[in-house]
Amino acid sequence: MGKVVGIDLGTTNSLVAYVQDGRPVVIRDESGDGLVPSIVSIGGDGTIFVGREAQRRLLTAPGSTVYSVKRFMGRGIEDVNEDASLLPFSVGGDQGGVVRIGIAGRQFTPPEISAFVLRELKRRAEEHFREQGEFDFEVDRAVITVPAYFNDAQRTATRDAGRLAGLEVLRIINEPTAASLAYGLDQRNRGTIAVYDLGGGTFDISILKVEDGVFQVLATNGDTHLGGDDIDRLLTEQILGEVGAGLPPQTIQAIRKAVIQAKQDLSEVEEAEIRVDSSERLASGYVRRITRADFERMIMPLVERTLGPCRQALTDAGLEPKDIDEAVLVGGSTRIPLVRRVVHELFGREPHSDLNPDEVVALGAAVQADILVSGRREMLLLDVTPLSLGIETMGGVMSKIILRNSTIPASGREMFTSFADNQTAVDVHVLQGERELAADCRSLARFRLRGIPPMPAGMPRIEVRFQIDANGILSVSARELRTSIEQTIEVKPSYGLTEQEVERMLIESFEHAEADFEARLLIEARNEAETVILATEKSLRRPDFEQVAAESLEPGERAAIESALADAKRAIGGDDRAAIQQKTEALNHATRHLAEVVMNRSVREALAGKNVKDV
Amino acid sequence: MTPDPIPLRATTVPECRNCGAGAPVDEHFCPQCNRILALGRYGDFFSFLGVPRKLGLDPQDLERRFRDLSRKFHPDYFYNAPPAERLASLERSSYLNDAYRTLRDPAARIEHLLAIEGLPSATSDEGSVKVPPSLLEEVFALNEELDEIREQRESGGADTQLRARLEKARQPIERKREEHARRIQELSERYDGQSSAADRKTTLEALREQLLEQKYIANLLATIAREESQIGGEVRHG
């Protein structure tokens, strides 16, 4: 048996964590970074880049790079047109079917793109375990988190992504609930808790009751289309309105990057600068100052959209804001001071975020993974299904079978009969949502009950059983009660992949494994280069560098270092692994003497009783 | 929001699929080999949770039982179990969740007893459409008053005046609601104290009537609340 991890597959960033000696820890890269940007890019030769590397390529090869793919999981083209307008990649697919993403001349479904991110996390974890000296370092099983308000199709798509990445998905759990599990570890947080989770692309609110180690969700609500992405888009569109439309994708991405930077700065300071360097069709660049007050005015309508779901969840839980003992903040967007203020006002108490809001979900996922494989019973998550499940009945009306906020697993039954004599099949349309009309609800699947024994109309009594499992995913079975004949059901998911499609993709992913390996080597070369570049730049920026240079460097040595540095920086912009390695080596060589000099100085100063920090 | 009608089945002694021993119908685990038993029958939520078939239940006790059984059945703890036990855990947990949701809500609890006793449900459609005779007078007066309030609103009546009128219209309905709640409480206590099956059935039928009326009253109160939300919406946003 291999290793088990918890994964937060986010809209903007993803993380992987595991339980070590009873405590969950995030797995980080060599620079201490736990976040893997959920960005995938394809190079000219078909190599696949994930994470920081892909993020860099967003500015250089936007047409080959995908971000925020979580927004497309389990959705149809008609759902995503609004999002697609500013994206550098193409979004297509048939009406009423799965979205297809076109990059670098290839077509991918959202689960395939997400699988690239998951594979990167798997690899990162395996590398970590290998470095720890584990003999069995393979990661083969995972708990993956999803927004609480994800519907069945979105959950299924996430599970498919896990399978495509070569992971057995032990469980899909809800992000706010996972966060509460991480918070609950210290046993300090008990009573009634509200988890407010505003991430990159989705918003969730969950109300939980925590007692005796049982984390019972009372109600959940949310918006799977509300998050930091919407704030970025709002600001980007504002600037595009100022500088004129028709800009190339590179420039739009440069603006987006500047906007995100300003957004993050405004959580720390009162005024920030949106600075876009000269870019194609924006020759003189763009600079604008923005105050926190301006920013808050702009995003207020978006933040206010979170309040409706919060109130609904409270109502569904039968509670008033004053009944909430603790409000917990999760998700990067809760760093925005306005968001914290709004939550404070709503619940009448200071929300807390003792744990890093970016990491807490992955930590909780790791805890749940540990519970599943270890059989630990101190803690138990009892989650709910966020949306009512039902079927279309006569006149296009939605008839609910399992109500929203039912604790899962949950089951429901519905009786069917025939309308004509000797009818042997009945069509069933499965829906999810709260609206009265089938047309306003989410279509999950259509299936046909076959093999009904021939009888007069109205005689057959077919019991269809709907089972929502602990993942929040639906399965359907049916049988005719008079004859006890089990019916066959072929489910055609409305916005999902069929079993055959998943199988085919699995085979294809093995075929691409070699290209992926190449990409990995390239990334490693680039990381190595970056480490050397950063160290060199740091030395050159030392306050005493001029003195060091004058005292210890050979004539021309400084120029040689600067030239090698420029070469290496140029090389990492390209995809040529050999060139990157060569320039890194050259830079290493050019700076060897400088490094020695600097090191000796530090040692001397330390011996002289001077604090190194003062140097 | 009402539960599904419960298809009743003859209860039988289930057989443990692991060791073949028979177990009493309300056992969750095989008395002989201790494995989780497949859920063999549908029906009585009371005995499933191990509480007496009464309308007066202690919510805290119910919740504790729910938590305890969750810790025994939940699929989290059967992840490495054989498929038959995993299925049993899934079905038993689903059933437990249904049982707890039903029994913790007093109205749903009555509904469940109606189903066990084979009496018609209080959720049948005609119930909510037809005005219960005991409410005719109040409903008539309310409808008249609501019509006038709407007219007054449309011709620009002052918000405070409209609110006052609505509040006044709500009072008799609110009184009816309280009256019904008391009556349901009384009948529930009577039911719990009765020992003869025939008496219990009569009480249960009376409870069904009260439940139908209670639902009608809830609809009336919802109508008034909707009307209220039409008045001076901007005041609350300010």
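What percentage of the 238 residues in chain B do buried residues make up? In this predicted model, buried residues account for 28% of chain B.

**Chain B**

The secondary structure of chain B consists of nine helices and zero strands. Read along the sequence, the chain accordingly shows the pattern α-α-α-α-α-α-α-α-α. When contacts between residues at least 6 apart in sequence are considered, 59% of those in chain B join residues at least 24 apart.

**Chain A**

Chain A contains 16 helices and 28 strands. Its radius of gyration is 27 Å, close to the 25 Å that the globule rule gives for 615 residues, so chain A is as compact as a globular protein of that length. The C-alpha trace of chain A spans about 105 × 60 × 55 Å along its principal axes. In chain A, 47% of the 615 residues count as buried. Of the chain A contacts between residues at least 6 apart in sequence, 67% join residues at least 24 apart.

| Chain | Residues | Buried residues |
|---|---|---|
| Chain A | 615 residues | 47% |
| Chain B | 238 residues | 28% |

**A four-stranded sheet in chain A**

One open sheet of chain A has four strands in the order 22-25-26-27, with antiparallel pairing. Strand 22 (410-416) and strand 27 (485-486) of chain A are the edge strands, each of which pairs on one side only. Within this sheet, strand 25 (residues 462-468) and strand 26 (residues 474-480) of chain A run antiparallel and are joined by seven bridges. At the level of residues, A:Val464 has A:Ala478, in strand 26 of chain A, as its bridge partner.

**The loop residue A:Asp136**

Where in chain A is A:Asp136 found? A:Asp136 lies in the loop between helix 3 (110-131) and strand 11 (139-146) of chain A. Is A:Asp136 buried or exposed? A:Asp136 counts as exposed because it has 9 C-beta neighbours inside 10 Å, and the cut-off for an exposed residue is 12 or fewer.

Note on methods:
Residues are numbered from 1 along each chain as its sequence is written. Chains are lettered from A and ligands numbered from 1 in the order in which they are written. This is a predicted model: local features need pLDDT of at least 70, side-chain atom pairs count only at pLDDT 80 or more; totals for chains, interfaces and linings use all residues. Helices (H or I, at least four residues) and strands (E, at least two) are DSSP runs, numbered from the N terminus. A residue is buried if 20 or more other C-beta atoms lie within 10 Å of its own, exposed if 12 or fewer, and partly exposed in between; C-beta atoms are placed from the backbone. Two residues are in contact if their C-beta atoms, placed from the backbone, lie within 7 Å. The radius of gyration is taken over C-alpha atoms; the globule rule is 2.2 Å times the number of residues to the power 0.38. Two strands pair if DSSP finds at least two bridges between them.
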